[in-house]
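This briefing covers some strands and the nonpolar cores of one protein model. Look at the structure first, then read the points below.

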Amino acid sequence: MKFKLKITTYEYPDSLISDIQTGEIEYSLWGRLDFMINETTFFQNADGLSEEEMGTSSISSLGLTIPVHGFMCSFLEKINDIGNKAIIVEEGQIDKELVMKIKKEDIVFAIRHKRASKVHWYDGEKISRSEKMPITKYNSVPIDVFKQGMMGGIEEYLDKTLSEFPSLKQAEEFNDLYKQVSNYIS
């Protein structure tokens, strides 16, 4: 099985380097996440999801629109727990969470939109309303394959960003993030 995180940014802010140094990057760098499973997008069935079911932030066949940097940092804080316990990666600016649970040797993941009275899940196939995460052939990936695919996607994104902005080598915050990902993959 192949799995890979794909990160696409809309547009880098002119103030990218200072935003990274000050933490403003959490608010200024938006993009899309996609999870490629055997070269097929996890979000292939996400077009036409109603606001009633999945809230106001963008989820479509192109992926999940999210503050990229905030998501990466939240994910990296929890990488060592993946495979050991259930994990929730959230980014406070949107109404979605990436929830990951263990089922035998697999990570089962889904996008959760949680409201006061309703919980909706997108599992790669459809929307379901349930307190429990759905488990399907669309959202189960072996733990090691999942971790490597997520970290490989983050590394690829950071490499692309660094190639476009070589002066990021001078930003300690970027270097720390880059080292954390590189050390994990090595």
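Phe 109 is in contact (heavy atoms within 4.5 Å) with Phe 3, Phe 35, Ile 37, Phe 42, Leu 98, Val 99, Met 100, Met 133, Asn 139, Val 141 and Phe 146, leaving aside neighbours within four places in sequence. This is a predicted model, in which local features need pLDDT of at least 70 and side-chain atom pairs count only at pLDDT 80 or more, while totals for chains, interfaces and linings use all residues. Residues are numbered from 1 along each chain as its sequence is written, and side-chain values use heavy atoms, with hydrogens and water left out.

**Nonpolar cores**

- A nonpolar core is a set of buried Ala, Val, Leu, Ile, Met, Phe, Trp, Tyr and Cys residues joined through side-chain atoms within 4.5 Å; buried means under 20% relative accessible area (1.4 Å probe, protein chains only).
- The largest core has 48 residues, and Phe 35, Phe 75, Met 100, Phe 109, Phe 146 and Ile 154 touch the most other members.
- Helix α5 (residues 143-164) gives this core its largest share, eight residues; helices are DSSP runs of H or I, at least four residues, numbered from the N terminus.
- Another core, of six residues, lies apart from the largest one and includes Val 99, Val 108, Trp 121 and Met 133.

- Strands are DSSP runs of E, at least two residues, and two strands pair if DSSP finds at least two bridges between them.
- In β9 (residues 119-122), Val 119 and Trp 121 point one way, His 120 and Tyr 122 point the other way, and all are buried.
- Strand β8 (residues 106-114) runs antiparallel to β9, joined by four bridges, and Ile 111 stands opposite Tyr 122.
- Strand β10 (residues 127-129) pairs with β9 in the antiparallel sense over three bridges, with Ile 127 as the bridge partner of Tyr 122.
- Four residues lie between the strands in the hairpin of β9 and β10, where Gly 124 takes a positive phi near 95 degrees.

How values were computed
Buried means under 20% relative accessible area, exposed over 50%, partly exposed in between (1.4 Å probe, protein chains only).
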